[in-house]
Amino acid sequence: MTRLPLTFAAGGFQLAGTLDLAPGTTGLFLVSGGNEIRSGAFGGQAQLAADIARAGFPVFRFDRRGIGDSDGENRGFRKSQADIAAALDAFRALAPGVTRVVGFGNCDAATALMLASGAGCDALVLSNPWTIDEDADAMPPPATIRARYIARLKDPHEVLRLLGGKVDFRKLLRGIAWASAPRRKPGSLALEAREGLSKFDGPVRILIAESDRTAQVFLENWEAGDSRLQRCADAGHSYAEPHARKWLRDQILAALRR
């Protein structure tokens, strides 16, 4: 495997990228979420790129402006479309043998791809999309509270704490009341993301790490019967668990091989 560090222009700034070379004609375009650099949390995206390249598919990653090795001011995911477009152009130019691009993003990177209606990619893998408005209620959504209580009831230690009177029952009752509340209406960001994705006509996979709060909030705002949803049990936001890391890789490879 050959890994090439590089720079490319975007809006008058120099952005940093990395290309993992491979012979395949389908490539993975990896968009970083949050303020993470292109290597990802604990190097997870760099390892993912290496695994995908070893399977025969080239992978392009980059730091959006103001993040990591890239110039400029960090303007957040809502204003990242120009950087995403420039990075995709750079990927196609540097890997001219790639005729099909699968875009992958976790958290607000997934949302950025949705808002951009795919941003020019041919297929999308969207993981734990961020759908929480900036002015959202600080209280977690009912689905998150329910998931937390279910997890605790499966834990013998937590059950013993409850039976032993070591739990604040007033707090518990408030939580139960909130967990029983009806589903809230989708916020503006969720509606924008849904509208943006509706304009994309390529294949889509929506990956859900079931132990992740961001994913739980997303499910509150999404159609439960959407056939594009794929769920990984006992997985956290970054798929750091061994079984989740393998599941994520398999899901991406399935999208690349389609």
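Is Tyr-239 buried or exposed? Tyr-239 counts as buried, at 3% relative accessibility. Buried means under 20% relative accessible area, exposed means over 50%, and partly exposed is in between, with a 1.4 Å probe and protein chains only.

Some ground rules before the rest. This is a predicted model, where local features need pLDDT of at least 70, side-chain atom pairs count only at pLDDT 80 or more, and totals for chains, interfaces and linings use all residues. Residues are numbered from 1 along each chain as its sequence is written, and side-chain values use heavy atoms, with hydrogens and water left out.

Now the overall picture. The chain has 9 helices and 8 strands. Both are DSSP runs, numbered from the N terminus: helices are H or I with at least four residues, strands are E with at least two. Of the 258 residues in the chain, 49% are buried. Contact means heavy atoms within 4.5 Å. Among contacts in the chain with a separation of 6 or more, 64% are between residues 24 or more positions apart.

Next, the interior. A nonpolar core is a set of buried Ala, Val, Leu, Ile, Met, Phe, Trp, Tyr and Cys residues joined through side-chain atoms within 4.5 Å. The largest one here has 39 residues, and the members that touch the most others are Phe-8, Phe-29, Phe-60, Phe-91 and Leu-197. Helix α2, residues 81-94, gives the most to this core, with 6 residues. Another core, of 23 residues, lies apart from it and includes Phe-57, Ala-123, Ala-209 and Leu-253. As background, in soluble globular proteins nonpolar side chains tend to be buried together.

Leaving out residues up to four places away in sequence, Phe-8 touches residues including Phe-13, Leu-15, Phe-60, Phe-62, Ala-86 and Ala-90.

Helix α1 covers residues 44-54, and its buried residues are Gln-45, Ala-46, Leu-48, Ala-49, Ala-50, Ile-52 and Ala-53. They pack against β1 (2-10), β2 (13-21), β3 (26-31), β4, β5 (100-106) and α9 (242-257). After α1 comes Gly-56, with a positive phi near 110 degrees.

Helix α8, residues 213-220, is mostly covered, with 7 of its 8 residues buried. Among them are Thr-214, Ala-215 and Phe-218.

How do helices α3 and α7 cross? Their axes come within 7 Å and cross at roughly 55 degrees, with α3 at residues 108-115 and α7 at residues 188-198. Axes are lines fitted to C-alpha atoms, for helices over the stretch in contact, and angles run from 0 to 180 degrees between N-to-C directions. On the α3 side, Thr-111, Met-114 and Leu-115 meet Leu-189, Glu-192, Ala-193, Gly-196 and Leu-197 of α7.

Now a few loop residues. Asn-128 sits in the loop between β6 (123-127) and α4 (142-153), and it is buried, at a relative accessible area of 0%. Which residues does Asn-128 contact, its neighbours within four places in sequence left aside? The list includes Asn-106, Cys-107, Ala-209, Asp-212, Thr-214, His-237 and Tyr-239. Asn-128 and Ala-209 are 81 residues apart along the chain, yet their C-alpha atoms are separated by 6.7 Å.

Cys-107, in the loop between β5 and α3, has a positive phi of about 65 degrees although it is not a glycine. Tyr-239, in the loop between β8 (229-232) and α9, has a positive phi of about 55 degrees and is not a glycine either. Cys-107 is buried, with a relative accessible area of 12%.

On the subject of cysteines, Cys-121 is buried at 7% and Cys-232 is buried at 3%. A search of the whole structure finds 0 disulfides, a disulfide being a pair of cysteine sulfur atoms within 2.5 Å.

Last, Ser-70, in the loop between β4 (59-62) and α2. Ser-70 is buried, with a relative accessible area of 8%. Ser-70 and Thr-7 are 63 residues apart in sequence and 8.4 Å apart in space, C-alpha to C-alpha. That is the end of the tour.
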